[in-house]
Every structure is written in C-alpha cells, then in structure tokens.
Amino acid sequence: MRRILTFGTFDVLHIGHVSILERARALGDRLIVGVSSDALNLSKKGRRPVYPEDDRLKLIGALRCVDEVFVEESLALKGEYLRQHRADVLVMGDDWQGRFDEFRGICEVVYLPRTPSISTTEIIEVIKRVP
Ligand code: C2G
C-alpha cells in the first residue's frame, strides 16, 4: 500500500486541481489531501478563499481519485502530517519545486508539472470582467 499525500487550497475548483490530484493518485494506492484552512489562507495569501474550508473539503473529498481529506491548519506542521498519515510520497505542483526537499528524510518528494494557463486568481479576474 503506497500512500500519497498532497496539500493545497483548491479554491474555486478547476481542471488544474483535478489533473494534479489524478496524477498524484496514479503514483500509489491511496491519496490523502491536506486542504488548507481559511485562517491559514488569510495569513498566507492575505485573503479568505472564495469557497469556505468545509466546502473545499467536501468538493475535494467527493473526487473519485481522493481517498481521504483533512484540514491543514499550519504550514509548520507538514512533517507532522506526513508522519501522522504515514505518507510514502509527498506530491506538490512544480510551482513549489525544491521547497519541500527537507521532507526527503520522511518520504519521497515528487513535483508534478502544473497545468498551464489556468489558476484560481485568473478565474476570479475573468468573472470580475463579466458585464
Ligand atoms: N495546480 C496545478 N495547475 C494549476 C493550478 C494549480 O497543478 N494550473 C496545483 C498546484 O501546483 C498545487 C495544487 O494544484 O499542487 C493546489 O493548488 P493551490 O490551491 O494553488 O495550492 P496552494 O495554495 O499553492 O497550496 O503549503 C503548500 C500549500 O498548501 C499549497
């Protein structure tokens, strides 16, 4: 049983999110997703997500490729979460390339290419422009 863990906000769910989750799941037998809390986002990005954490957890948990979800309360607890969930592999998008190498002592760390030309920020901008 190869356990894959990944983290993210997954706000305003889009094809880039589903694509990385499907590719992450394909690396093992079980995919566990740490969805960052509203409070963590406020401190990290200076704004609250459009979708509240309960909704983001429900959406991610409803995907066929996802086996388990939990709330990521703090960036500083990544090592703890990896140990708690007995992760064999940490998967992150390559916008985080190199940033999680410190966890190579706990598990494998894999960076997957991001889907080009789509992001939550861009979707929000497009919606704002709708007359
Ligand atoms: N992603 C992607 N392609 C996109 C947009 C996002 O592959 N076009 C990936 C990101 O690389 C990330 C995941 O989807 O692995 C979730 O993206 P975000 O919600 O933007 O995650 P982020 O806020 O960067 O949270 O501590 C790490 C953070 O929790 C990661």
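The model is predicted, so local features need pLDDT of at least 70 and side-chain atom pairs count only at pLDDT 80 or more, while totals for chains, interfaces and linings use all residues. Residues are numbered from 1 along each chain as its sequence is written, and side-chain values use heavy atoms, with hydrogens and water left out.

**Stop 1: polar contacts.** Show pairs of N or O atoms within 3.5 Å. At K78, a polar side-chain atom lies 2.4 Å from a ligand oxygen. In the side chain of K45, an N or O atom is 2.7 Å from an oxygen of the ligand. For the side chain of D95, the corresponding distance to a ligand oxygen is 2.8 Å. On its own the ligand has 640 Å² of accessible area, and the protein covers 95% of this (Shrake-Rupley method, 1.4 Å probe).

Stop 2: Colour by DSSP runs, with helices (H or I, at least four residues) and strands (E, at least two) numbered from the N terminus.

**Stop 3: the largest pocket.** The ligand takes up the space of the largest pocket, meaning that more than half of its atoms lie within 2 Å of the pocket's grid points. A pocket is an open set of points on a 1 Å grid over the protein atoms alone, where a 1.4 Å probe fits, with protein on both sides within 12 Å along at least five of seven lines; lining residues have an atom within 4 Å of a point. This pocket has about 630 Å³ of space. Its lining comprises 32 residues, with T9, H17, D95, W96 and R114 nearest the centre. Select α1 (15-25) and α5 (120-129), which are among the elements that supply at least two lining residues; α1 gives the most, 4.

**Stop 4: the second largest pocket.** Select K44, L75, A76, K78, W96, R99, F100, E102 and F103, which line this pocket. The lining has 5 nonpolar, no polar and 4 charged residues.

Note on methods. Points joined across faces, edges and corners; volume = space filled by probe spheres on them. Nonpolar A, V, L, I, M, F, W, Y, C, P; charged D, E, K, R; others polar. Polar contact = N/O pair within 3.5 Å; in protein donor to acceptor, adjacent residues only side chain to side chain.
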